[in-house]
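Thank you all for coming.

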Amino acid sequence: MKNVSIVTVNYNTEEDTHAFLKSAEKAYKPNLLIKIIVVDNGSKNVFTLSDEEKKKQIILIRSHINTGFAGGYNIGMKRALADNADYILIVNNDTVMDEYLITNLLTVLEHDPKIGVTVPKIYFAKGHEFHKNRYKKDELGKVFWYAGGSTDWNHVTSIHRGVDEVDHGQYDKIERIDFATGCCMMFPRGVLEEVGLLDERYFLYYEDADLNERIKRAGYEIYYVPTAVLVHINAASSGGAGNGNILQDYFITRNRMLFGMSYAPLRTKIALLRQSISLLRNGRPYQKQGLRDFYLRKFNKGTFFDKN
């Protein structure tokens, strides 16, 4: 029997987490031993399991501080590895799992030992589309959030294929891709033991891109599995630290430099250095702060929370 651990992180989004746990029950199959690990990542209101949830194979771990996306998932993955999980699925708590998501991700993952990650087709939750007014009523709930991805090295950013498109079967091929979103990724334990977990220097944003690169550079492949389906409410906890825009200004600016200077081609690194000089002069306040912290090597939380 295959031992699969599902790891999710709660940060001030208790209702989403309970809804996620309810959807995850459908993934239980006779040939799978599934455990769910919930990391409550320094929430203001401590997350508790309901009486019904306590009867399930759910492990609740509480962190007294917010350790970020990377740190929160690492807490859960370390527990999964200690519990001898054969496979680990990390998945955002603001999602709803299809009944066969785990089974279908696992089938492809086991097909070839060179496959190090599998990711599902991900829809926006109905009514949570970025541009919901542009769609017909019967198209809502069928709009892609992610249908595979790639890395744009010219701009040092990750691209979601199909985002904002209605699903007409155009991305229904199981195929190798370049970028797996941290919203939902399944790994064999051996891959994580070889390449390591999420890099906690990032705290938030680009940590999934970094793990993608380490996995690919270790010789593994990433596969998109459209028969595995996830619905995503989209960034339900991103504003937990306050104003989401300043949070993104700080962490995306800082971490883009960290990621790019670690992995990008030389000409892109030179362009990043030039851009950083321009932003230090003319950028928004939290972009400047993020760049200062990059050059001062202040990673993880950096100085963002010092004033927020």
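I will talk about aromatic rings, then charges over rings, and finally cysteines.

What you see is a predicted model, in which local features need pLDDT of at least 70 and side-chain atom pairs count only at pLDDT 80 or more, while totals for chains, interfaces and linings use all residues. Residues are numbered from 1 along each chain as its sequence is written, and side-chain values use heavy atoms, with hydrogens and water left out.

Let me start with the rings. Rings of Phe, Tyr and Trp (its six-membered ring) pair if their centres lie within 6.5 Å, and planes under 30 degrees apart count as stacked, over 60 as edge-to-face and the rest as tilted. By this rule the count is 17 aromatic pairs. One of them is the stacked pair of tyrosine 123 and phenylalanine 144, with 5.8 Å centre to centre and 20° between the planes. This pair links distant parts of the chain, since tyrosine 123 is in strand E6 (residues 115-124) and phenylalanine 144 is in strand E7 (residues 144-146), 21 residues apart. Helices (H or I, at least four residues) and strands (E, at least two) are DSSP runs, numbered from the N terminus. Both tyrosine 123 and phenylalanine 144 are buried, where buried means under 20% relative accessible area, exposed over 50%, and partly exposed in between (1.4 Å probe, protein chains only).

A second pair, phenylalanine 251 with phenylalanine 305, is tilted, at 6.3 Å centre to centre and 50° between the planes. Phenylalanine 251 lies in helix H7 (residues 244-263) and phenylalanine 305 in the segment after helix H9 (285-295), so the pair ties together parts that are 54 residues apart in sequence. Phenylalanine 251 is buried, at a relative accessible area of 0%, whereas phenylalanine 305 is partly exposed, at 25%. Ring pairs also join these two with Phe203, Tyr250, Tyr286 and Phe304 in a cluster.

Now to the charges, where a charge sits over a ring if NZ of Lys or CZ of Arg is within 6 Å of the ring centre and within 35 degrees of the ring normal. Arginine 161 has its charged end over the ring of tyrosine 224, 5.3 Å from the centre.

How many disulfides does a search of the whole structure find? The search finds zero, a disulfide being a pair of cysteine sulfur atoms within 2.5 Å. For cysteine 183, the nearest cysteine sulfur is that of cysteine 184, 6.3 Å away.
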